[in-house]
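I opened the notebook with the sequence and the model side by side. These entries record what I looked up.

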Amino acid sequence: MTGKVLAFLLLLSTAAYAEEKPIVPDRAMTYGAVDINGTLENICTPGYSKSVRKVTVGTRNKVYAEYKVDPLRDYYEVDHLVSLELGGSNDVKNLWPQSYTTVPWNAHVKDKLENRLHREICDGIITITEAQEAIRTDWIKTYCDKYDDMQEECASYLKENKNEN
């Protein structure tokens with residue numbers, strides 16, 4: 001096969017897969033563990049998240065295996081359910097595989113929410129505990145509550161999940 005044909009097939013398979021429902025954390029495996037050192041003073045200090053980010057390749061592989069995810073099938077990251085910038089832990093109980101390509105709910109969208117919640121904590125608008133609970137309970141609903149840029153997607157998600165929360 002030519003390079004163009006392979007690239008087309010890869011694009012086609014990724015596009016079809018990206019339309020599948022995204023993986024959300026399984027609460028039995030990923031309940032959102034927090035770090036006792038994730039205090040207001042620490043998380044609001046520039047560079048804090050980078051200084052405490054310690055997820056080994058072995059841990060990432062364990063998370064992929066627990067979730068039965070092939071990290072080569074899609075672009076994934078092993079994500080912190082409660083992000084480090086919100087006082088989350090590197091514990092496996094706070095980690096899950098999140099796709100970069102699922103539409104519309106993916107790692108990029110969750111990152112945007114994490115940044116907003118971090119700013120609100122550091123600005124004194126919400127507490128660390130409130131932010132942790134909001135993202136731990138249902139990060140997509142929290143995103144929909146905080147942003148109005150995906151009204152149609154939010155309405156659909158909230159309608160489909162109204163009995164699950």
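**Entry 1: helix 6 and helix 7**

In which hand, left or right, does helix 6 pass helix 7? I looked up the crossing and found it left-handed. (Left-handed means that the near helix is turned anticlockwise from the far one by less than a right angle, right-handed that it is turned clockwise.) Helices (H or I, at least four residues) and strands (E, at least two) are DSSP runs, numbered from the N terminus.

I noted the ground rules next. This is a predicted model, where local features need pLDDT of at least 70 and side-chain atom pairs count only at pLDDT 80 or more, while totals for chains, interfaces and linings use all residues. Residues are numbered from 1 along each chain as its sequence is written, and side-chain values use heavy atoms, with hydrogens and water left out.

Then the geometry. I took axes as lines fitted to C-alpha atoms, for helices over the stretch in contact, with angles from 0 to 180 degrees between N-to-C directions. (Under 35 degrees counts as roughly parallel, over 145 as roughly antiparallel, 65 to 115 as roughly perpendicular, and the rest as oblique.)

I listed the residues that meet: D138, I140, K141 and C144 from helix 6, and C154, Y157 and L158 from helix 7. Contact means heavy atoms within 4.5 Å. By class I get 5 nonpolar, no polar and 2 charged residues for the contact of helix 6 with helix 7. (Ala, Val, Leu, Ile, Met, Phe, Trp, Tyr, Cys and Pro count as nonpolar, Asp, Glu, Lys and Arg as charged, and the others, Gly among them, as polar.)

**Entry 2: helix 5 and helix 6**

I checked the other partner of helix 6. Helix 5 (residues 107-122) and helix 6 have axes that come within 10 Å and cross at roughly 135°. That makes helix 5 oblique to helix 6. This crossing of helix 5 and helix 6 is right-handed. On the helix 5 side, the contact includes V109, L113, L117 and I121. On the helix 6 side, I135, W139 and Y143 are among the residues. The class count for helix 5 with helix 6 is 9 nonpolar, 1 polar and 6 charged residues.

**Entry 3: aromatic pairs**

How many aromatic pairs does a search of the whole structure find? I find 5. (Rings of Phe, Tyr and Trp, its six-membered ring, pair if their centres lie within 6.5 Å; planes under 30 degrees apart count as stacked, over 60 as edge-to-face and the rest as tilted.) The rings of Y64 and Y76 have centres 6.4 Å apart and planes at 75°, so this pair is edge-to-face. Y64 lies in helix 4 (residues 57-66) and Y76 in strand 1 (residues 76-80), so the pair ties together parts that are 12 residues apart in sequence. Y64 is buried at a relative accessible area of 10%, and Y76 counts as buried at 12%. (Buried means under 20% relative accessible area, exposed over 50%, partly exposed in between, with a 1.4 Å probe and protein chains only.)

Y143 and Y147 form a stacked pair, 4.7 Å centre to centre with 25° between the planes. Both Y143 and Y147 are buried. Ring pairs link W105, W139, Y143, Y147 and Y157 into a cluster.

Not counting residues up to four places away in sequence, Y64 touches V69, P71, Y76, E77, V78 and P97. The C-alpha atoms of Y64 and E77 are separated by 9.6 Å.

**Entry 4: loops and backbone**

Most residues other than glycine have a negative phi, and most peptide bonds are trans. I looked for exceptions. A cis peptide bond joins V103 and P104, with omega about 0°. P104 is in the loop between strand 2 (95-99) and helix 5. K68 has a positive phi, near 55°. K68 sits in the loop between helix 4 and strand 1 and counts as exposed, at 74% relative accessibility.

Is S83 buried or exposed? S83 counts as buried, at 5% relative accessibility. S83 is found in the loop between strand 1 and strand 2. Leaving aside neighbours within four places in sequence, S83 is in contact with G88 and E114.

**Entry 5: whole chain**

I count 7 helices and 2 strands in the protein chain. Of its 165 residues, 42% count as buried.
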